[in-house]
Amino acid sequence: MRHRTGAELAKIPLFEKLSAKQLAAVDRLVTTVDVAEGRELIRQGEAGREFVLVVDGEAEVVRDGEVIARRGPGTFFGEMALLLDRPRNASVVACTPMSIDVIDRHDFRRLLDEFPELYGPLLEATAQRLAAIDEST
Ligand code: CMP
């Protein structure tokens, strides 16, 4: 298992506006986990319990049995159910071995309370993802 440092977190576009001190606070909330290829990380329709950042490897976003996106290093997923308080709107499956950073829903909330500047990029991603789903239906 590889632990991500604050300096590495700084390279993630979502965190680009955070200071070194703020990044260290994010780093303390993160648990890095290795997952095997084929593992379902999120199941469509379930309640959201965590937010995920991709460290290494790739995941497929699958909605109603169809692959709608791929998520690679430096990207994130699992924000929609937590932000909107709705069930997961897609499944996310590791399509290679992966290393992921997991933040539990309560810590995610605390992070947003502490660093409201994160709302901008998170809500933008949510809006774009909803628009992509809307266009495909
Ligand atoms: P959530 O609904 O919590 O769980 C499934 C996740 O898949 C969702 O959050 C987003 O992070 C991600 N997701 C859903 N739709 C898309 C999309 N069109 N493009 C990229 N990611 C998506």
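Visitor: What makes residues of helix 5 count as buried, and which are they?

Guide: Buried means under 20% relative accessible area, exposed over 50%, and partly exposed in between, with a 1.4 Å probe and protein chains only. In helix 5, Leu122, Ala125, Thr126, Arg129 and Ile133 are the buried residues. They cover an arc of only 100 degrees around the axis, which places them on the same side of helix 5; the arc is that of the directions from the helix axis to the C-beta atoms. On the other side of helix 5, Gln128, Asp134 and Glu135 are exposed. This is a predicted model, in which local features need pLDDT of at least 70, side-chain atom pairs count only at pLDDT 80 or more, and totals for chains, interfaces and linings use all residues. Residues are numbered from 1 along each chain as its sequence is written, and side-chain values use heavy atoms, with hydrogens and water left out.

Visitor: Why is the pair of Phe51 and Phe76 called tilted?

Guide: Rings of Phe, Tyr and Trp (its six-membered ring) pair if their centres lie within 6.5 Å; planes under 30 degrees apart count as stacked, over 60 as edge-to-face and the rest as tilted. The centres of Phe51 and Phe76 are 5.6 Å apart and their planes 40 degrees, so the pair is tilted. Phe51 lies in strand 3 and Phe76 in strand 6, so the pair ties together parts 25 residues apart in sequence.

Visitor: How do you know that the charged end of Arg129 sits over the ring of Phe76?

Guide: A charge sits over a ring if NZ of Lys or CZ of Arg is within 6 Å of the ring centre and within 35 degrees of the ring normal. The charged end of Arg129 sits over the ring of Phe76, 4.9 Å from its centre.

Key. Helix = DSSP H or I, 4+ residues; strand = E, 2+ residues; numbered from the N terminus.
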